[in-house]
Amino acid sequence: QMFNDPRKVMAHEYFHSYQTSHAVRMRGGSDGAPLDQVANVGPVWLMEGTAEYAAVRVSSLEGWMDWDAQLRARMQLALSTLADYPNLSIEDNVTPAQYVNNYALSAAVGQVLTYDLAVWATAYAISISSHDAVMVNYWDDLEQYGYEQSFEKNIGMSFDEFYQSFNEFRQKTIDEQMTVVSGQI
């Protein structure tokens with residue numbers, strides 16, 4: 001099934017509106033961070049990964065796409081695209097400058113780190129916390145706590161701990177990973 005179904009794209013962009021509405025009163029608003037700093041809403045991978053997760057979830061619940069097929073295809077794409085870059089992961093797509101560098105390295109690498117692997121990271125974060133912790137409470141707590149503390153409060157670990165845990169999760173087979181995330185729909 002196509003990754004770019006227009007209904008899925010609309011849901012993705014709608015979730016960005018939801019995200020940024022939580023940052024409009026924060027210093028710097030919902031954007032404007034220097035390229036080498038994390039935006040006040042959080043890392044690039046988390047912004048795009050949660051938006052894409054929301055879009056694939058809605059698309060799956062509505063019957064436009066198949067959840068398991070979407071996640072499996074995205075992980076297979078990530079594995080093949082990152083085969084030549086085994087040390088790259090979501091922690092290499094945190095700032096706008098890293099985002100630009102990833103796309104400069106390869107459009108495919110940028111795409112995978114921003115969307116495909118980021119969906120998996122979002123699903124993994126949900127598996128160790130809950131849907132609402134990642135998709136609702138993180139954003140609700142953003143203004144009061146900032147992105148780092150909101151992540152730790154809602155997911156239960158720091159970003160660095162999460163990156164280590166996610167990279168261990170990525171070492172499992174796709175089938176083993178699917179047992180963790182397929183039940184989310």
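What covers the buried residues of α6? The cover includes α1 (6-21), α2 (44-61), α5 and α7 (142-155), where helices are DSSP runs of H or I with at least four residues, numbered from the N terminus. The buried residues of helix α6 (residues 131-140) are Ala 133, Val 134, Met 135, Tyr 138 and Trp 139; buried here means under 20% relative accessible area, with a 1.4 Å probe and protein chains only.

Before we go on, a word on the model. It is predicted, with local features needing pLDDT of at least 70 and side-chain atom pairs counting only at pLDDT 80 or more, while totals for chains, interfaces and linings use all residues. Residues are numbered from 1 along each chain as its sequence is written, and side-chain values use heavy atoms, leaving out hydrogens and water.

Aromatic rings (Phe, Tyr and the six-membered ring of Trp) pair if their centres lie within 6.5 Å; planes under 30 degrees apart are stacked, over 60 edge-to-face and the rest tilted. By this rule the model has 20 aromatic pairs. One of them is tilted: Tyr 124 and Phe 166, at 5.9 Å centre to centre with 50 degrees between the planes. Tyr 124 belongs to helix α5 and Phe 166 to helix α8, so this pair ties together parts 42 residues apart in sequence. Both Tyr 124 and Phe 166 are buried.

Helix α5 (residues 107-128) and helix α8 (residues 159-170) pack at an angle of about 105 degrees, their axes 11 Å apart; the axes are lines fitted to C-alpha atoms over the stretch in contact, and angles run from 0 to 180 degrees between N-to-C directions. This makes α5 roughly perpendicular to α8, a label for angles of 65 to 115 degrees. Among the residues of α5 that meet α8 are Leu 117 and Trp 120, contact being heavy atoms within 4.5 Å.

Finally, the core. The largest nonpolar core has 50 residues; such a core is a set of buried Ala, Val, Leu, Ile, Met, Phe, Trp, Tyr and Cys residues joined through side-chain atoms within 4.5 Å. Its largest share, 12 residues, comes from α5. Among the residues with the most contacts inside this core are Leu 117, Trp 120, Phe 151 and Phe 166.

How values were computed: Helices (H or I, at least four residues) and strands (E, at least two) are DSSP runs, numbered from the N terminus. Angles under 35 degrees count as roughly parallel, over 145 as roughly antiparallel, 65 to 115 as roughly perpendicular and the rest as oblique.
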